Amino acid sequence: MGWFLVQFQRRLGRFARVGAVAAAATLAAIPLAVPAQAQQGKVLRVALTTGIDHLNPFTAVLAASTQIGRFTYEFLTVPNAEKAEASPALAESWTPSADKLTWTFKIRTGVKWSDGKPVTAKDAAYTFNRMLTDENARTANGNYVANFETVTAPDDTTLVIKTKAVQVNMNLLDVPIVPQHIWEPVTDLKDPKTDQLAIAGVSDGPYQVTEYKPNEYVKFKANKDYWRGAPKVDELQLLQFKDTEAAVNALKQGEVDVINRLNPNQFAALQGQEGITTNAAPGRRYDELAMNFGVQDNANHPIGDGNPVLKDINVRKAIAQAVDTQAIVDKVLKGLGQVGGGVVPAVYSAYHWDPSDSEKTKFDLAAA
């Protein structure tokens with residue numbers, strides 16, 4: 001579903017995106033075609049309509065590329081599905097000091113890289129220190145280490161991170177940990193060779209990259225020794241298409257098993273077709289319509305060309321009242337959305353805020 005929010009001060013409205021198992025869908029969810037091989041639970045072919053810029057986790061910034069990093073590498077912690085709170089991954093536990101400036105992570109034992117070498121705290125320390133000392137290594141996730149002072153690994157199971165100031169996301173550092181023995185000899189992280197399997201293919205996550213052809217596909221095999229247990233799908237394939245229409249045609253021809261990023265018309269057209277299952281589910285993201293009344297970034301530089309008329313809150317309220325949010329859901333999203341409440345989508349029920357009737361901005365042209 002989706003959500004739409006009216007916020008007077010800065011935003012006109014928000015629409016949540018429909019979520020699914022692969023990358024986030026924009027307006028509609030994922031239809032599934034189920035060929036014999038998928039029924040056996042061995043091969044899953046996922047259609048991509050977005051690009052893959054790098055397999056290199058230090059420089060990969062596109063959504064599909066960062067998803068590859070999640071398939072192939074472990075993180076210190078990962079958000080759980082219910083509340084997005086930190087749960088153990090490579091780190092079994094983590095403890096902050098009394099002043100919250102020093103964090104000690106206990107790294108689990110028994111995890112191995114796909115080449116057989118053990119995963120240790122030294123790999124994690126190397127990953128963060130490479131980001132601290134190499135500008136290119138900060139391309140994708142540099143914001144997480146900007147406040148770091150030192151990162152050390154006193155032993156193979158202990159990682160210690162000291163920060164310059166209190167950092168609220170220390171238990172959810174969204175940084176894939178890489179093998180030191182593979183990446184340390186790589187002096188230039190912009191070198192295309194970092195996308196080769198000899199480098200990007202050494203992993204410790206649920207999957208290992210086995211084939212990569214730029215602008216065409218990435219193929220993975222399951223890590224049978226994965227510490228959480230072997231994945232139920234033996235082979236994963238991400239197949240790239242130029243647009244959603246091409247992906248829909250591939251689905252109809254049985255060439256892929258899963259697609260997303262459909263618009264409402266494409267989603268509706270696939271409903272009820274033999275061999276295809278559609279899934280409309282609450283999403284983790286939203287889209288929004290925003291009003292710029294002259295906002296600035298944290299360096300006091302103007303963002304865009306805000307109209308000074310919008311500085312009047314009554315003008316902003318009037319614009320908000322003139323937008324029929326339910327009509328947008330019904331006509332534009334074809335019902336595949338939901339008028340929203342707060343900035344946190346309702347899928348996170350513990351944190352979602354749904355305004356009362358008296359707090360909502362109602363569509364009313366006369367009042368506007």
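Visitor: Over which ring does the charged end of K219 sit?

Guide: In this predicted model, the charged end of K219 is placed over the ring of Y217, 4.8 Å from the centre of that ring. A second case of this kind involves R316, which lies over the face of F293 at 4.5 Å from the ring centre.

Visitor: Which residues of helix 2 are buried, and where on the helix do they fall?

Guide: The general idea is that an α-helix has 3.6 residues a turn, so residues three or four places apart point the same way. In helix 2, which spans residues 63–72, the buried residues are A64, S65, I68, G69, F71 and T72. Viewed down the axis of helix 2, these buried residues fall within an arc of 160 degrees, so they line one face of the helix.

Visitor: What covers the buried residues of helix 2?

Guide: The cover includes strand 3 (43–48), strand 10 (207–213), strand 11 (217–222) and strand 12 (235–240).

Visitor: How is a pair of aromatic rings described, and how many such pairs does the structure hold?

Guide: A pair of aromatic rings is described by the distance of the centres and the angle of the planes. The structure holds six aromatic pairs. One of them is formed by F71 and F220, an edge-to-face pair with 5.7 Å from centre to centre and 80 degrees between the planes. This pair links distant parts of the chain, since F71 belongs to helix 2 and F220 to strand 11, 149 residues apart. F220 is buried, with a relative accessible area of 1%, and F71 is likewise among the buried residues of helix 2. Together with Y207, F71 and F220 form one aromatic cluster.

Visitor: Why is the pair of Y226 and W227 called tilted?

Guide: The ring centres of Y226 and W227 are 6.1 Å apart and their planes stand at 55 degrees, so the pair is tilted; planes count as edge-to-face when they are over 60 degrees apart. As for accessibility, Y226 is buried, with a relative accessible area of 10%, whereas W227, at 29%, counts as partly exposed.

Visitor: Turning to charged pairs, with which residue does R70 form a salt bridge, and which parts does the pair tie together?

Guide: The structure holds eight salt bridges, and in one of them the side chains of R70 and D174 meet at 2.8 Å, N to O. R70 lies in helix 2, while D174 lies in the loop between strand 9 (158–163) and helix 4 (180–183), so the pair ties together parts that are 104 residues apart in sequence. R70 is partly exposed, with a relative accessible area of 35%, and D174, at 26%, also counts as partly exposed.

Visitor: Where do D234 and K224 lie, and is D357 buried or exposed?

Guide: The side chains of D234 and K224 meet in a salt bridge at 2.5 Å, N to O. Both D234 and K224 lie in the loop between strand 11 and strand 12, ten residues apart in sequence, and D234 is partly exposed at 28% relative accessible area. D357 forms a salt bridge with K360, where the closest N and O atoms are 3.9 Å apart; D357 counts as exposed at 57% relative accessibility, and K360 as partly exposed at 39%.

How values were computed. Residues numbered from 1 in each chain as written. Predicted model: local features only at pLDDT ≥ 70, side-chain atom pairs only at ≥ 80, totals over all residues. Heavy atoms only, no water. Buried < 20%, exposed > 50% of the residue type's maximum accessible area, 1.4 Å probe, protein only. Helix = DSSP H or I, 4+ residues; strand = E, 2+ residues; numbered from the N terminus. Arc of directions from axis to C-beta. Contact = heavy atoms within 4.5 Å. Phe/Tyr/Trp six-rings, centres within 6.5 Å; stacked < 30°, edge-to-face > 60°. Lys NZ or Arg CZ within 6 Å of the ring centre and 35° of its normal. Salt bridge = Lys/Arg side-chain N within 4 Å of Asp/Glu carboxyl O.
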